[in-house]
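Hi there,

Here is the structure I promised to pass along. Have a look at it first, and then read on for my notes.

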Amino acid sequence: ALVTAFLNAGPTAIFFIPIVMHSHYASFSDIGWWALSLGVLAGSSATLTGATAGIVSQTILEDSDVSLSSSENKLTFQNYSYRGVPIALIMLVLSSIYIAILSRLPGQI
């Protein structure tokens, strides 16, 4: 999630896929894939650069005719992260609980 927050979701997933494939979580039905997927999802929600949609949204907002009166209403990295990081942390806690439940099901690890 931390790498995704600053790099982007696509490159992070591509970087970590070989790591998951060469670990002992190599089956497509295993928890390693869930952890990768949920971690990338949480990280892409944390910052403006975590997902391509954030950067596109910021560009569209800046190019539109909507005038934002104060600086605290502008879509900046800091303003987005102020709200995005707590949401990402909540997602990581819920994802960890979900993965812990999955690991206790028969047929898993």
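This is a predicted model: local features need pLDDT of at least 70, side-chain atom pairs count only at pLDDT 80 or more; totals for chains, interfaces and linings use all residues.

The protein chain has 5 helices and 0 strands, so the pattern along the sequence reads α-α-α-α-α. Of its 109 residues, 27% count as buried. If you take the contacts between residues at least 6 apart in sequence, 66% of them join residues at least 24 apart. The chain exposes about 7,400 Å², and 68% of that area is supplied by carbon and sulfur atoms.

The residue I would point you to is G84, which lies in helix 5, the helix spanning residues 77-104. Is G84 buried or exposed? G84 has a relative accessible area of 4%, and because buried means under 20%, G84 counts as buried. What does G84 touch, once its neighbours within four places in sequence are left aside? The contacts of G84 are then S45 and A46. A46 sits 38 residues away from G84 along the chain, yet the C-alpha atoms of the two are separated by 4.2 Å.

Helix 5 also holds I101.

Best wishes

Technical notes:
Residues are numbered from 1 along each chain as its sequence is written. Side-chain values use heavy atoms; hydrogens and water are left out. Helices (H or I, at least four residues) and strands (E, at least two) are DSSP runs, numbered from the N terminus. Buried means under 20% relative accessible area, exposed over 50%, partly exposed in between (1.4 Å probe, protein chains only). Contact means heavy atoms within 4.5 Å. Accessible areas come from the Shrake-Rupley method with a 1.4 Å probe; for residues, only the protein chains shown count as cover.
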